[in-house]
Amino acid sequence: MMAYFASIIFLVFVLIFSSCRAQVKFDKNYKQTWGEDHLTVTDGGNGVSLMLNEQHGGAGFISLSDFGSGFFEIEMKIPNKNTNGVITSFYLQEVAFGKPVEGVNHFEFDIEFYGRNFSTNVFAKDQGHREQLFHLWFDPTAGFHKYQILWNQHQIAWFVDGEAVRIWKNLQHRGVAFPSQPLHVEASIWNATFAGGNVDWSQAPFTAFYKDFAMNACVYQGSNPKECYSEKYYWNQKQYWTLTPAQQAQLTNHRKNHMYFDYCSDSSKAGPECKFNQ
Ligand SMILES: *[C@@H]1O[C@H](CO)[C@@H](O)[C@H](O)[C@H]1NC(C)=O
Ligand SMILES: *[C@@H]1O[C@H](CO)[C@@H](O)[C@H](O)[C@H]1NC(C)=O
């Protein structure tokens, strides 16, 4: 009987502990960058909404730290409207929004929705236009889904609900740029015509929802950037150096069945990385 009660109590503690762990509050890892009252913290700090309208534009937030590696994640639910021209984003880049640093090369690894279409893009040493666009296998406006970007010194990989959809291998030995400088995380909602044309403002306001503000990443300390390559961080360990066979199969599947645009198909944009990153 005692053992029975002890195991019930143990189970209750496990449940409480695991549900607490799932909730990292917005303020712990992020702060607002722009948009004034278009960012609303919800659910006691566990959620954030970002709003876009014609009068005042959108809003965004940024991580409190810079990082040298990590397995970045967020859960997003994008606006459920005709969202042509509306961009809902989660991305890594090296300089703060609107504050380019002279002499620093631009690196950026993006997850962006162009309306309901899923876009991934890379800026590597100032060069962008490396988009791969997908129609996801679910409706991203209907509920929260998990979006992740893995970054270690071997690869950058994008995951949707845990499934690999894109990879950018470290191919520096083939002349392909790869970041070794600090990156931080940003997220935003805004409008631009490249995301499907002019916005239908009669549908406004557009609201995106974010949650899961956990930060599995190595804070960049400046003095010793290589510290962030240490295998004491799980995402730097050998099983994260390449995609697993299961992840490789997911990548192949999603490229074949859900990707509708690949910059690699355009010979004026395709780089030496194209034949390796598939
Ligand atoms: C966003 O929409 C507004 C209002 O139509 C427009 O003035 C602005 O130029 C758009 N922004 C971009 C980046 O296209
Ligand atoms: C999004 O996908 C639709 C097809 O579902 C397509 O008509 C549209 O051009 C795409 N938008 C962008 C910006 O790629």
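This dialogue goes through some features of a predicted model.

Trainee: How are the residues, chains and ligands labelled, and which parts of the model count?

Mentor: Residues are numbered from 1 along each chain as its sequence is written, while chains are lettered from A and ligands numbered from 1 in the order in which they are written. The model is predicted, and local features need pLDDT of at least 70, side-chain atom pairs count only at pLDDT 80 or more, and totals for chains, interfaces and linings use all residues; side-chain values use heavy atoms, with hydrogens and water left out.

Trainee: Which residues are around ligand 1?

Mentor: A residue is near a molecule if one of its heavy atoms lies within 4 Å of it. Around ligand 1 these are Glu-54, Asn-191, Ala-192 and Trp-201. Two residues of this shell are nonpolar, one is polar and one is charged. In that count, Ala, Val, Leu, Ile, Met, Phe, Trp, Tyr, Cys and Pro are nonpolar, Asp, Glu, Lys and Arg are charged, and the others, Gly among them, are polar.

Trainee: How do I read a polar contact, and what is there at ligand 1?

Mentor: A polar contact is a pair of N or O atoms within 3.5 Å; within protein, one must be able to donate a hydrogen and the other to accept it, and residues adjacent in sequence count only if both atoms are side-chain atoms. A polar side-chain atom of Asn-191 is 2.4 Å from an oxygen atom of ligand 1, and one of Trp-201 is 3.1 Å from an oxygen atom of ligand 1. Of the 360 Å² of accessible area that ligand 1 has on its own, the protein covers 43%. Such areas come from the Shrake-Rupley method with a 1.4 Å probe; for residues, only the protein chains shown count as cover.

Trainee: Which residues surround ligand 2?

Mentor: The shell of ligand 2 holds Tyr-114, Asn-117, Leu-133, His-135, Phe-194, Ala-195, Gly-196 and Tyr-260. It divides into five nonpolar, three polar and no charged residues.

Trainee: Is Asp-212 buried or exposed?

Mentor: Buried means under 20% relative accessible area, exposed over 50%, and partly exposed in between (1.4 Å probe, protein chains only). Asp-212 has a relative accessible area of 9%, so Asp-212 is buried. Asp-212 lies in the loop between strand 14 (206–211) and strand 15 (216–219). Strands (E, at least two residues) are DSSP runs, numbered from the N terminus. The side chain of Asp-212 reaches the backbone nitrogen of Ala-214 at 3.3 Å.

Trainee: What should I look for in the backbone angles?

Mentor: Most residues other than glycine have a negative phi, and most peptide bonds are trans. Here a cis peptide bond, with omega about 0°, joins Ala-204 and Pro-205. Pro-205 is in the loop between strand 13 (184–191) and strand 14.

Trainee: Which value does phi take at Glu-36, and which at Asp-43?

Mentor: Glu-36 has a positive phi, near 45°, and lies in the loop between strand 1 (30–34) and strand 2 (39–42). Its relative accessible area is 69%, so Glu-36 is exposed. Asp-43 has a positive phi near 55°, and its place is in the loop between strand 2 and strand 3 (47–52). Asp-43 counts as exposed because its relative accessibility is 57%.

How values were computed:
Helix = DSSP H or I, 4+ residues; strand = E, 2+ residues; numbered from the N terminus.
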